[in-house]
Amino acid sequence: MHMLKVYGRVLGLLRPEWRRCALMLACSLAIAAIGFLDPVLFGRVVDLLSRSASLPPEQLWPEAASLLGLWAVVGLAGIGAGMAVALVADRMAHRARMREMSRFFSHALSLPAAFHGKVHSGALMRILTSGTDTLFHLWLGFFRDQFVGFLSVLVLLPLTMLLNWRLSLALIALVLLFGALTAFVIGRTQALQKGAEQCHLKLAASAQDAFANIAVVQAFTRLAAERRSFAALQGAALAQQFPVLNWWAVISILTRSASTLAVLSIVVLGTVLHLRGQASVGEIVSFMGFAAMLIGRLEGLVWFASKLFAHVPVLDEFFAVLDAHSAVPEAPRAAPLHAVAGRVVFDEVGFAYPNGPAILAGVSFTAEPGRVVALVGATGAGKSTAMTLLQRGWDPVGGRISIDGQDLRAVTLESLRGAIGVVFQDSLLFNRSIRENLLVGKPSGTQAELEQACRLAEAHDFILRQPQGYDTLVGERGGTLSGGQKQRLAIARALLKNPPILILDEATSALDAATEAKVTRALKALMAGRTTFVIAHRLSTVRDADEILVFDAGRIAERGGFDALVAQGGVFAALVASQMPAAAEPVVVPFPAARAA
């Protein structure tokens, strides 16, 4: 059964804690044995009382004292074992939860952009928190209750056959009935529970999406529409969840009814056996105790099964992320990249997404150290894909990419990405202080290095005007800063990193003319002495490039300097013409008449 397979994997995560687990399992075994001894000793006491009238005091009291003394020792041992389990289990579960949370976080961060493009960040956060919380409660429940319940059913129940096999049949029938009912309900509701969990993931993703775009929600008066969308998802989740809850409510009623019938059966059968001389009053009392204990354990196991069943979809999502593999695995003996000069060579590089058409074909070029290479072309021509391959976001399906003569597939990812700096069109900032965002480029950077980089990026002055200077929080995605300020911080961050290779991905396309002038000056300081790739749609920004590569349908159609390419009258000239149209009569679009007041 899939549920048991998932549960086995959950428990397998505790291998690093095997010594503590062994201690708790031993204590749990003692607790289960004590649970078995309690009804037996109680039955012996009842038998002794039933014979007390015929026993002399000198025989009655020593026998009673030995039974009660043994019972007291058993009780104290149970208390000690229970305390040991409670103390060790809590600490172990907390420690293991933090370990798995860290493992999930690190693994998710290492997965490529293609994975994060498919999985919403809100859903990923819910998988992380819900998954680790579920692991914590399952581990804690296993050592506190479930293992003792399993032992009681699988080991101690057969031992009742030694006491009175006729009475034990009623208990065995009860266990089988509980198991059959639970398996039946799980089979009927498994698909519904998975659908309910998918709805909860969509709820988390929808909420995160709305919060992240709160400016759009408010500017376009989307509040009511977002509420309706969220309510619709809630309705879908409840529609999936309610039938599951109904079935588990039914099994709760049936198991309680079965428990009552089992107790009545033991009373009736015990009375008949006692009248026949086949069971003593003490044995009947012991089996009543066994029945009460077993019913409690079985109800606990059924409750646990319902909770585990409800959480299996969460755990499936959690393990699916952990099982996700990078599209660019690191070679077993990968060596650090020694990128001193920054000479980049694309040699007949081809690329296609899995089961998709070719994106790049036969792309070859060499970027010499310190030169500026511009990549231009229509949307979808392949220029951004080429730079993604340079950072090993994917591996080429054909050809080879090298830096200073070293194949990218033979070097470590950390050293490769450490040698490349990127300034994006939309500067990505953490919801942390300006200082912390800058130190992403160089964690060991000193205050003097930060200030030097910010002066070169023309960011130092505006930082000093912030309320707390370099310690000012920038808000989510840098929301408290302007576009130009964020861009200059991104440039300062790249300056701190000091990489030999630089990628500028539409770094000034979203800025106004005045801000663009400041950012352009900062970019020139950043590009000095580095191999620089410029991805641009605004062709006026690549006029000074040492070489322009014109991409068209995944191939390099033209290459050369700006003026030479324009003179050729080819693809590049057509792109330039489309952005600088000839003068024409202005087209006036009238605004609609204002409404009467």
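Author: Let us begin with a hairpin. Strands E1 and E2 form one, with five residues between them, and in the turn Asn355 has a positive phi of about 60°. Please keep in mind throughout that this is a predicted model.

Reader: In which sense do E1 and E2 pair, and over how many bridges?

Author: The pairing of E1 with E2 is antiparallel and extends over six bridges. To read a bridge, one looks for the residue facing a given residue across the pair. Here Val345 has Thr366 of E2 opposite it.

Reader: What is the order of the strands in the sheet that holds E1 and E2?

Author: The order is E2-E1-E4-E5, an open sheet of four strands with antiparallel pairing. Strand E2 (358–367) and strand E5 (406–407) each have a single partner strand and stand at the edges, so one side of each is left without a neighbour in the sheet.

Reader: How many bridges join E4 to E5?

Author: Strand E4 (residues 398–403) is joined to E5 by two bridges, and the two strands run antiparallel. Across this pair, Ile403 is opposite Gln406 in E5.

Reader: Which helix lies across strands of this sheet?

Author: Helix H10 (residues 383–390) lies across strand E1 (344–352), E2 and E4.

Reader: In what order do the strands of the six-stranded sheet stand?

Author: That open sheet has the order E6-E7-E8-E3-E9-E10, and its pairing is mixed. Strand E6 (420–423) and strand E10 (555–560) are its edge strands, each pairing on one side only. Neighbouring strands here are turned against each other by 20° on average, direction ignored.

Reader: Which residues of H13 and H15 meet?

Author: From H13 there are Glu449, Leu450, Ala453, Cys454 and Leu456, and they meet Ala492, Leu495 and Leu496 in H15. Sorted by class, the residues of this contact are seven nonpolar, no polar and one charged.

Reader: At what angle do the axes of H2 and H9 cross?

Author: The axes of helix H2 (residues 18–51) and helix H9 (residues 281–323) cross at roughly 150° and come within 7 Å. H2 is therefore roughly antiparallel to H9. The crossing of H2 and H9 is right-handed. Among the residues that make the contact are Ile31, Phe36 and Val46 of H2, and Val285, Phe290 and Met293 of H9. By class, the contact of H2 with H9 has 10 nonpolar, five polar and three charged residues.

Reader: How do H2 and H3 pack?

Author: H2 and helix H3 (residues 57–110) pack at an angle of about 155°, and their axes are 8 Å apart. The two helices H2 and H3 are therefore roughly antiparallel to each other. H2 passes H3 in a left-handed crossing. The contact of H2 with H3 has 25 nonpolar, three polar and six charged residues.

Reader: Where does UniProt place the feature "transmembrane region"?

Author: The unreviewed UniProt entry places this feature at residues 21–45, 65–89, 137–157, 169–187, 247–272 and 284–305. One may then compare such a record with the model. Over residues 21–45 the chain is 100% helix and 0% strand, with the end C-alpha atoms 36 Å apart. Over residues 284–305 the chain is likewise 100% helix and 0% strand, and there the end C-alpha atoms are 31 Å apart.

How values were computed. Residues are numbered from 1 along each chain as its sequence is written. This is a predicted model: local features need pLDDT of at least 70, side-chain atom pairs count only at pLDDT 80 or more; totals for chains, interfaces and linings use all residues. Side-chain values use heavy atoms; hydrogens and water are left out. Two strands pair if DSSP finds at least two bridges between them. Contact means heavy atoms within 4.5 Å. Axes are lines fitted to C-alpha atoms, for helices over the stretch in contact, and angles run from 0 to 180 degrees between N-to-C directions. Ala, Val, Leu, Ile, Met, Phe, Trp, Tyr, Cys and Pro count as nonpolar, Asp, Glu, Lys and Arg as charged, and the others, Gly among them, as polar. Angles under 35 degrees count as roughly parallel, over 145 as roughly antiparallel, 65 to 115 as roughly perpendicular and the rest as oblique. A crossing is left-handed if the near helix is turned anticlockwise from the far one by less than a right angle, and right-handed if clockwise. UniProt positions are given in the numbering used here, feature names are shortened, and annotations may be inferred rather than shown by experiment.
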